[in-house]
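Okay, thanks for making time, everyone. I'd like to walk you through one model today, so let me put it on the screen.

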Amino acid sequence: MVAVQSNNVSAVNEALNEIYVEEEDYDRLRESIDLHDNFDQIGLAQKIEKHELLEMRRVAAYIYKKAGRWKQSIALSKKDNHYRDAMETASQSGERELAEELLVYFIEQVLNSF
């Protein structure tokens with residue numbers, strides 16, 4: 001299947017992505033997502049956003065970011081304490097409001113730690 005994935009066929013992409021999820025191979029999953037975009041991106045993100053493996057949840061946040069679902073991506077990143085990912089997503093969104101909300105979140109985190 002990997003040999004024909006270059007054709008970017010939805011069924012092949014989804015089958016391989018499913019295998020990568022089952023094998024918890026987040027590196028190959030992310031590579032597949034980057035190179036082959038013909039699949040149900042949001043469906044995959046929803047499936048793995050609650051995965052027990054942190055890196056799989058990180059892939060879910062990455063998929064949301066690629067799909068322009070900035071808030072969902074940032075929420076997942078914050079939940080898993082991947083603050084750099086959250087900041088990069090807010091920056092990439094170009095939405096001032098998201099950046100400000102993230103800044104307020106960080107300030108609240110610092111204030112709550114005292």
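**Starting from a histidine**

Let's begin with His82, which is buried, at a relative accessible area of 18%. Keep in mind that this is a predicted model. His82 sits in the loop between helix H5, residues 70–79, and H6. So what does His82 touch, leaving aside residues up to four places away in sequence? The answer is Leu54, Glu55, Arg58 and Ser77.

Now let's zoom out. The protein chain has seven helices and zero strands, and reading along the sequence you get α-α-α-α-α-α-α. The C-alpha trace spans about 55 × 30 × 20 Å along its principal axes. Of the 114 residues in the chain, 36% are buried. As for contacts between residues at least 6 apart in sequence, 46% of them join residues at least 24 apart.

Okay, on to H6 and H7. H6 covers residues 83–93 and H7 covers residues 96–112. At what angle do H6 and H7 pack? It's about 155 degrees, with the axes 8 Å apart. Over 145 degrees counts as roughly antiparallel, and H6 and H7 are therefore roughly antiparallel to each other.

Here's who meets whom. From H6 you have Tyr83, Ala86, Met87, Ala90 and Ser93, and they meet Leu98, Ala99, Leu102, Tyr105 and Phe106 from H7. Sort the residues of that contact by type and you find nine nonpolar, one polar and no charged.

One of those residues deserves a moment: Leu102, in helix H7. Is Leu102 buried or exposed? Its relative accessibility is 4%, so Leu102 counts as buried. Not counting residues up to four places away in sequence, Leu102 touches Ala86, Met87 and Ala90, along with Ile74 and Lys78. For a sense of distance, take Leu102 and Leu44: they're 58 residues apart in sequence, and C-alpha to C-alpha they're 25 Å apart in space.

Leu44 takes us to helix H3, residues 41–48. Which residues of H3 are buried? They are Ile42, Leu44, Ala45 and Ile48. Those residues cover an arc of only 160 degrees around the axis, which puts them on the same side of H3. As background, an α-helix has 3.6 residues a turn, so residues three or four places apart point the same way. And what covers the buried residues of H3? The cover includes helix H1 (10–22), helix H2 (26–35) and helix H4 (54–66).

Last stop, Asp40, which you'll find in the loop between H2 and H3. With a relative accessible area of 43%, Asp40 is partly exposed; the cut-offs here are under 20% for buried and over 50% for exposed, so 43% falls in between. Which distance separates the C-alpha atoms of Asp40 and Ser10? It's 8.1 Å, and Asp40 and Ser10 are 30 residues apart along the chain.

Note on methods. Residues are numbered from 1 along each chain as its sequence is written. This is a predicted model: local features need pLDDT of at least 70, side-chain atom pairs count only at pLDDT 80 or more; totals for chains, interfaces and linings use all residues. Side-chain values use heavy atoms; hydrogens and water are left out. Axes are lines fitted to C-alpha atoms, for helices over the stretch in contact, and angles run from 0 to 180 degrees between N-to-C directions. Helices (H or I, at least four residues) and strands (E, at least two) are DSSP runs, numbered from the N terminus. Angles under 35 degrees count as roughly parallel, over 145 as roughly antiparallel, 65 to 115 as roughly perpendicular and the rest as oblique. Contact means heavy atoms within 4.5 Å. Ala, Val, Leu, Ile, Met, Phe, Trp, Tyr, Cys and Pro count as nonpolar, Asp, Glu, Lys and Arg as charged, and the others, Gly among them, as polar. Buried means under 20% relative accessible area, exposed over 50%, partly exposed in between (1.4 Å probe, protein chains only). The arc is that of the directions from the helix axis to the C-beta atoms.
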